[in-house]
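Open the structure in your viewer and keep the selection tool at hand. This tour goes stop by stop, saying what to select and what is there.

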Amino acid sequence: MKFHKSYANCRVRRYLLIFTALSLVLLPLSLIYLVWNEQLQKIKGYELQQQQQRQQQQQQHQQPPQSKRAKQIQPAGQTFRYPVLLLNKNKNKELTVVATGKTKNKWRYVDKINNETGLSLIPEYAIQSLSPEEMQEMSVRMEARLNRLKEKCSEFGLDVVGQDTWHTPNTWEFLVNKKYHIIWCNVFKAASSSWMFNFNVLAGYTPNYLLKTKKILLNLARERYPRVTLQELREAQNDSTTFIIARNPFERLLSAYRDKIVFALPYSFHDKLGRSIVRNYRKKPKLVSRAGNTKYPSFPEFVHWLLDQVKRGNYIDMHFVSATSFCTPCLIRFDMILKFESLAEDQLYLIEKTGLQRVIAPVWRNMGKGGRKTQELQQQFYSQLTKQEMLELYNYYQYDFDLFDYDIKEYLKYARADEEAGAAASGA
């Protein structure tokens with residue numbers, strides 16, 4: 001009797017173990033099925049929605065043709081949430097910055113609509129624009145800049161094709177958007193991050209993706225904007241607006257030094273470059289008194305390295321190279337010259353002239369590191385250079401200064417006495 005009772009208990013335990021094992025197997029499978037089924041329904045709903053949109057587009061194409069501008073802003077009916085930061089209206093000419101973030105009392109979501117191009121449309125009330133009077137003033141400003149460029153190019157003989165980098169048309173950094181008829185030469189450290197963002201939006205990347213991705217925006221852009229030949233560029237220019245953004249060469253150089261050398265990412269190319277400069281320049285007699293105890297090179301060390309690269313005819317990093325050599329504006333026609341110092345108005349003018357007010361907005365990204373004011377930084381770093389060093393630096397960037405109407409005088413007042421002159425004075 002005891003044997004039968006023990007055998008029965010064993011059978012019960014066995015059934016319980018089997019049931020538990022089956023539960024452990026079937027429960028995850030059930031969850032997987034539920035998730036899969038839910039995704040399947042979403043896909044079916046998405047396909048149905050896409051089919052409805054295609055039908056709507058076919059109906060729209062059957063309607064009488066509209067103007068090109070009207071087509072650009074025609075909604076297809078689908079709305080979604082899209083982050084927009086509206087800046088203080090008293091600052092930066094009421095810029096609208098397309099971005100996202102978590103700062104309290106600054107960020108809010110607004111509805112946006114997909115048009116037939118697939119790009120998100122900026123709501124009418126969020127569009128910033130210039131008045132007719134301001135547009136006329138901007139037109140005169142742009143014409144004056146282009147006239148100066150033409151005169152200086154002729155004066156320096158830069159409008160004649162030659163063999164060196166100053167006289168050879170360079171199309172390497174041009175981004176050509178044929179769909180929206182806009183072409184940009186990307187001068188690094190001259191609002192390049194901001195407009196790389198805009199050109200990626202025009203290429204079809206969603207702003208939300210661009211803000212979250214860890215990929216380099218330049219690499220993403222090159223997937224959609226292949227490099228062009230000179231002939232291809234000139235053909236595209238026939239019905240496009242070509243622009244460049246100019247910046248004070250010394251201000252641009254300092255920004256590049258701080259961004260790429262001082263704040264270089266560990267083990268990156270520029271981090272290794274900085275360490276190499278320290279090894280080769282820190283113990284030089286002219287630089288010992290101005291060397292720091294940092295792992296990155298001091299500003300004088302960096303400037304001496306850069307001047308040596310120029311003297312030797314070596315390749316100059318794209319962040320430090322002269323904009324005149326980089327974009328060859330004397331050999332390639334530009335329709336607009338935007339300036340970093342007046343970028344608030346200049347961007348609005350460009351966007352309005354190209355008819356892209358509802359597609360892209362003036363956007364400021366990578367506003368600098370360290371939170372210091374530009375003028376304070378100029379004085380802090382350029383006061384470390386002697387007048388002779390500053391003039392040698394000016395000799396390399398002279399065309400940038402002259403073509404885009406900048407002046408070195410404000411920097412020369414920061415310069416320290418030349419070491420030779422200081423030694424002679426102390427000896428006397």
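## Two crossing helices

Select α4 and α6: their axes come within 10 Å and cross at roughly 35°. The crossing is left-handed. Now show side chains at the contact. From α4, pick S193, M196, F197 and N200; they meet L217, L218, L220 and A221 of α6. By class, this contact holds six nonpolar residues, two polar ones and no charged ones. Keep in mind throughout that this is a predicted model.

## The whole chain

Zoom out and colour by secondary structure. The protein chain has 16 helices and eight strands. Of its 428 residues, 43% are buried. Look also at how far apart in sequence the partners lie. Among contacts between residues at least 6 apart in sequence, 73% join residues at least 24 apart.

## Back to α4

Select residues 192-202, which form helix α4. How many of the 11 residues of α4 are buried? The count is 10, so the helix is mostly covered. Buried here are S192, S194, W195, M196, F197, N198, F199, N200, V201 and L202.

Then step past the end of the helix. G204 follows α4, and its phi is positive, near 110°.

## On to α12

Select residues 343-353 for helix α12.

## The largest cavity

Four cavities of 30 Å³ or more are counted. The largest has a volume of about 80 Å³. It is lined by 12 residues, and those closest to its centre are I127, Q128, Q357, I360 and P362.

Which helix gives the largest share of the lining of this cavity? Helix α12 does, with three residues. Colour the lining by class: eight residues are nonpolar, three polar and one charged.

## E251

Select E251, which sits in helix α8 (residues 249-262). Is E251 buried or exposed? E251 is buried, because its relative accessible area is 12%, and the cut-off for buried is under 20%.

Show its surroundings. Beyond its neighbours within four places in sequence, E251 is in contact with F340, E341, T374, Q378, Y382 and Y411.

## M390

Last stop: select M390 in helix α14 (residues 387-403). M390 is buried, with a relative accessible area of 0%. Setting aside neighbours within four places in sequence, its contacts are F250, Y382, L385, I408, Y411, L412 and A415.

Note on methods
Residues numbered from 1 in each chain as written. Predicted model: local features only at pLDDT ≥ 70, side-chain atom pairs only at ≥ 80, totals over all residues. Heavy atoms only, no water. 1 Å grid on protein atoms, 1.4 Å probe; cavity = no way out; pocket = protein on both sides within 12 Å on 5 of 7 lines; lining within 4 Å. Points joined across faces, edges and corners; volume = space filled by probe spheres on them. Helix = DSSP H or I, 4+ residues; strand = E, 2+ residues; numbered from the N terminus. Nonpolar A, V, L, I, M, F, W, Y, C, P; charged D, E, K, R; others polar. Buried < 20%, exposed > 50% of the residue type's maximum accessible area, 1.4 Å probe, protein only. Axes fitted to C-alpha atoms, helices over the stretch in contact; angles between N-to-C directions. Left-handed = near helix turned anticlockwise from the far one by under 90°. Contact = heavy atoms within 4.5 Å.
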